[in-house]
Amino acid sequence: METQHQRLLIIDFGSQVTQLVARRLREANVYCEIHPYNRVDANFLKSFAPQAVILSGGPASVTDPDAPRPPAELWELGVPIFGICYGQQVMMDALGGKVESGHHREFGRAYVEPTGAHRDDPLFHGLFEKGREEVWMSHGDRVTRLAPGFEVYGTSPGAPFAIVGDPVRRFYAVQFHPEVHHTPNGRILLRNFTRLAGFTGDWTMAAYKDEAIRRIREQVGDKRVICGLSGGVDSSVAAVLIHEAIGDQLTCVFVDHGLLREGEAEEVVTMFRDNYNIPLVHADESELFLSALEGVSDPEEKRKTIGRLFIEVFERHARAVGDVEFLAQGTLYPDVIESVSVSGGPSVTIKSHHNVGGLPEKMGLKLVEPLRELFKDEVRALGRELGLPERFIGRHPFPGPGLAIRCPGEITREKLAILRRADAVFIDQIRKHGLYDEIWQAFVAILPVRTVGVMGDARTYDYACALRAVTSVDGMTADYYPFTHEFLGETATRIINEVNGINRVTYDITSKPPGTIEWE
């Protein structure tokens, strides 16, 4: 992506948390892009012209002959470089140090202390105020000899080369992961590196908006675009951004796939038509989707079926609008990362998303995805920059496949009706207790089991459900929300009394990882 701002390149070696490096840098208003190691060669480095480079972690061992490596030209760019975990190892290996396997594997919390000679180094500004810093280790290999020119900046009991640096070339590397939440002051370390590299923090959401509008105009030209509108913050921000760029060349299509929450279709259509003068097609396709999903229980098959039908519906409406060449979507960075890894890099696929992994290989429309490089909170910031009403921006995320992935096992109209009602009660409870804005996402999942209960003097044999509410910043990691027992008890009583078909309520206290936020 062309930009007039200072640019930092993150070379991805397959770590599941590479995107968090970008997240930390953006918090410091540093523009960065993630590119997989196997697409970064001498020509790429020349054209990208980064002001600094960060090497990510990764699952490989640098001792393997075919281990992923950056191009040799990287070390001759003359710009600061920062290596993280595998990035440290590949740096040492390339520049004349030594990395060995077979040492004690180190995973989890550790404490790093600075060496006396570097305690006051600019890299450590604002750090080590209590003498040591808590960090998160996750490695099997370790550096056993530094490359020429490098010095030890910090050590831990299990990593004698926890932080190293070559101040002449401005090459630095750490064995731990500063990007993760479990390294509390890791963002300060990354920010200090960018300051050493001369970054002034010149990338803002206002600048992103202007650049995104310019790119949309360049991509679309005088052609028409249809946008899949769900009413969530992602698609709403995408629609308004694209409308600012191309005006009445945009038509929004709201697809009711029969998997929406209670009253949602009417709410979304009314809300959008009342606030924006953008052509909007309300497509009731519930019968099409529910018929296709009948008997389907595999989560991936559900997602791919829904993705395929979405595209078919969009293509049909595109033909009705006429002269449409582009389909716009509110795809975000976490969608891309979990589906195909960042920019095609080597990390592992977790699950498909309906607007990424579920797309057919061959489709009749080109994609416009202006939010593809943003995290959820950045999309909300962009929405405010665009002037969207707060009720758009503050809505909890709702997945494209809708209630299909909150209904493990086979989907039936009966189960969807029960689920809608239970979900409405749960959200009503959250709002009544003033908790909605404290929670990232909340929903009910109906479980594929029936349980015995007793109501009055009668035996019941109904479904069990699970409540799910999490806190998060960007959706990549999440913790369960700590409701009081009183709230949970009151909510369970309401659901059982008000929702025919449920006689047992549980609360899901799984974090992400190891779980995902949604159940499927």
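# Burial, salt bridges and cysteines in a predicted model

Reader: At 26% relative accessibility, what does Glu-100 count as?

Author: In this predicted model, the relative accessibility of Glu-100 is 26%. Buried requires a value under 20% and exposed a value over 50%. Because 26% falls in between, Glu-100 counts as partly exposed.

Reader: With which residue does Glu-100 form a salt bridge?

Author: In the salt bridge of Glu-100, the closest N and O atoms are 3.5 Å apart, and a salt bridge needs such atoms within 4 Å. The partner is itself partly exposed, with a relative accessible area of 37%, and its name is Lys-98.

Reader: How far apart are the closest N and O atoms in the salt bridge that Arg-372 forms with Glu-369?

Author: The two residues of this pair fall in separate classes of accessibility, since Arg-372 at 27% counts as partly exposed, whereas Glu-369 at 16% counts as buried. Their salt bridge has its closest N and O atoms at a separation of 2.6 Å.

Reader: How many residues apart are Arg-468 and Asp-508, which link distant parts of the chain?

Author: The side chains of Arg-468 and Asp-508 meet in a salt bridge, with an N to O separation of 3.4 Å. Arg-468 lies in strand 18 (residues 458-471), while Asp-508 lies in the segment after strand 20 (502-507). Arg-468 is buried with a relative accessible area of 1%, and Asp-508 is buried with 11%. In the chain, the two residues of this pair are separated by 40 residues.

Reader: How many salt bridges does a search of the whole structure find?

Author: Besides the pairs already described, there is a network of salt bridges that links Arg-23, Arg-24, Glu-27, Arg-187 and Asp-377. For the whole structure, the search gives a total number of salt bridges of 27.

Reader: How many disulfides does the count come to?

Author: A disulfide needs two cysteine sulfur atoms within 2.5 Å. The sulfur of Cys-32, a residue buried at 3% relative accessible area, is 19 Å from the closest cysteine sulfur, in Cys-85, and is therefore too far away for a bond. Cys-252, which counts as buried at 0% relative accessibility, is in no disulfide either, as the nearest cysteine sulfur, that of Cys-227, is 4.6 Å away. The count of disulfides comes to zero.

Reader: In which helix of the protein chain is confidence lowest?

Author: The mean pLDDT of the protein chain is 88, with 92% of its residues at 70 or more, and confidence is highest in strand 3 (residues 52-55), at 98. Over residues 338-344, however, the pLDDT is below 50, although this stretch has 27 contacts in the model beyond near neighbours in sequence. Residues 356-362 also stay under 50, and for them the model has 17 contacts beyond four places in sequence. The element with the lowest confidence, at a mean of 57 over residues 333-340, is helix 10.

How values were computed:
Residues are numbered from 1 along each chain as its sequence is written. This is a predicted model: local features need pLDDT of at least 70, side-chain atom pairs count only at pLDDT 80 or more; totals for chains, interfaces and linings use all residues. Side-chain values use heavy atoms; hydrogens and water are left out. pLDDT is the predictor's confidence in each residue, from 0 to 100. Helices (H or I, at least four residues) and strands (E, at least two) are DSSP runs, numbered from the N terminus. Contact means heavy atoms within 4.5 Å. Buried means under 20% relative accessible area, exposed over 50%, partly exposed in between (1.4 Å probe, protein chains only).
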